[in-house]
Amino acid sequence: MIRPLFAALAALVLVGCAHMPLGASEGEAPEVDRPVILPIMPAQDPEAALMLGVLVGEIAVRSGQYEEAARYYGAAALLSDDPAIAERATRIALFAQDRNQALQSSERWRQLAPESLDALQLSTVLRLDLGQPDPAAEQMGTVIDLQTVQGGDPYAALGAVVGQTRNREAALEALESLTDQRQDDVGVHRVFAEAALRFAPGEPALEATARGVERFPESVSLRLLRARALDEVGQSDEALEELRTTVASHPESREARFGYARMLAEHDDREMAREEMDRLVEQDPEDVQLLLALALMNLEAEQLGPARTYLERLDALGEREDDIAYYLGRLHEMEDDPEGARQAYERVGGGSHADDARLRAARMTLEVEGESAARERFEQMQQGPDTELARRAYLGEANLLREKGEYTAARERLNRGLVQFPGDTRLLYMRGLVHERQDEIEAAEADFRAILDNDPENVAALNALGYTLADRTDRYEEALDLIERAYAQEPDDAAIIDSYGWVLYRLGRLDEAEDFLRRAYDLSDDGEIASNLAVVLWERGERDEARSILEAALEREPDHERLLRVRDELLD
């Protein structure tokens, strides 16, 4: 029995820290002086205590007792001079979702391996997660300095730290402090502006970008970010003027002209966008990087004609053949040409898109030739040595079968996947969706709750379970609690806002329901959101608008199951 063994060995391995006990409250900054051995431990043999700590930690890991493992490995890290033990202690604590313990172990790792950028970055992320922006800002400066010494891109390293934290508010506060400390560092201002745009579009982003441009008026990248911030708040004319001015003052800057062309394309000014693109190509008609960037910009904007022109020009040049074949496949998909897409994906022989190309080729085979023809392609990936690709293959096949309404086949694939990868969150989530479509609500709930048992704040599972309970049962209060927990983490997510509106409708709170559903619909014209908004509007007597929303949604998605059902219920 594992737990009695833990208790028996605890007396031998428990250690204290000269400045902070292992059980310190979350948010306190740990210090990592050499540990003090407690009287209950044989002070004359700390090496034996260290070995026992590692042993108990490993036993706990293999038994799935990750909190215990983090505790004992953390103790071992404080006794050891081996940075590998501190690193393992940190990662186990992260897996156990004990960020306070992870921070303590990461600081020990930093102490033992002061040149480790991984240790420094992880410690900084943890300080942000725990709401410690001031020490995080100091460590961000160290990230820049260390990466500079090591010859890497210091601002990419800083951006990686910011991108990993869960605490956006702390990240912005730390970056603002860092810009105060390093006022003459244009790269720091740029990372701050990028983070503000990502985490706080609106007034905070406007302030951050204005601050950067004021300090560095000749920085093209900061002026592009400023234009993006203006566009995000609906000041499109001012954004375009900012870009026009930037191009005029930096006529040779490819970055400036490309940014201007992108925004023109986004605002459907195709003629002006084409003129700017032509000027870019005139500067270097065989610049592969430029042509590819223009092709991708047009793909993103769904300007398929120009995208095809650039991709075919690249294909003729014979450069970056795998990348070009992959994006030609994406183009054919967008043109609703599955056979052309499959042929293009089959040309991808390697590179960063190789796995996705295999998955998409299998998907196109299923579209063109049916389930049995695609089975071998998916199975080769599912049984191959790459476990991540295997998971993606199970998910991709099951999702396509689900979209086609072949729920039994989708569930069978997911069951096989879960035998191969027990407890996999993504597979459980997808199976929960399939169960819901098959009206097996108890089974769907069991899958979503299995995810929440291991990760109680998993946003996707909270939202999916909450919406299922709101839509398919009368457990509305329970559903509201789940959705509120998801909304607290992702208040700008259209699907979650839709769920919130729907459960409010089920609770009879129609005014609030309409507000939330209109917000969701403004963010996304997805068929499910459209159907929910139409139902609420119909209920409130706004039937012309409800009918208009349904008709427009069915033009976009004529086979959408829920839209069709709502139309039949309301209009017929």
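Modeller: Helices are DSSP runs (H or I, at least four residues), numbered from the N terminus. This is a predicted model, in which local features need pLDDT of at least 70, side-chain atom pairs count only at pLDDT 80 or more, and totals for chains, interfaces and linings use all residues. Residues are numbered from 1 along each chain as its sequence is written, and side-chain values use heavy atoms, with hydrogens and water left out.

Biologist: How do you know what helix α30 (residues 527-539) should span?

Modeller: Its 13 residues, at 1.5 Å a residue, should span 18 Å, and the end C-alpha atoms are 18 Å apart, so the two agree.

Biologist: What makes α30 mostly covered?

Modeller: Buried means under 20% relative accessible area, exposed over 50%, and partly exposed in between (1.4 Å probe, protein chains only). In α30, 11 of the 13 residues are buried, among them I529, L533, L537 and W538. The cover over them includes α26 (459-472), α28 (494-506), α29 (510-523), α31 and α32.

Biologist: Why is α26 called mostly covered?

Modeller: In α26, 12 of 14 residues are buried, including V459, Y467 and D471. What covers them includes α24, α25 (441-454), α27 (476-489), α28, α30 and α32.

Biologist: Why are α23 and α24 called roughly antiparallel?

Modeller: Axes are lines fitted to C-alpha atoms, for helices over the stretch in contact, and angles run from 0 to 180 degrees between N-to-C directions. Angles under 35 degrees count as roughly parallel, over 145 as roughly antiparallel, 65 to 115 as roughly perpendicular and the rest as oblique. Helix α23 (residues 407-420) and helix α24 (residues 425-437) pack at about 155°, with axes 10 Å apart. The pair is therefore roughly antiparallel.

Biologist: Which residues of α23 and α24 meet?

Modeller: Contact means heavy atoms within 4.5 Å. On the α23 side they include Y407, R411 and L418, and on the α24 side L427, R431 and H435. By type, the contact residues divide into eight nonpolar, three polar and three charged. Ala, Val, Leu, Ile, Met, Phe, Trp, Tyr, Cys and Pro count as nonpolar, Asp, Glu, Lys and Arg as charged, and the others, Gly among them, as polar.

Key
Helices (H or I, at least four residues) and strands (E, at least two) are DSSP runs, numbered from the N terminus. The expected span of a helix is 1.5 Å times one less than its number of residues.
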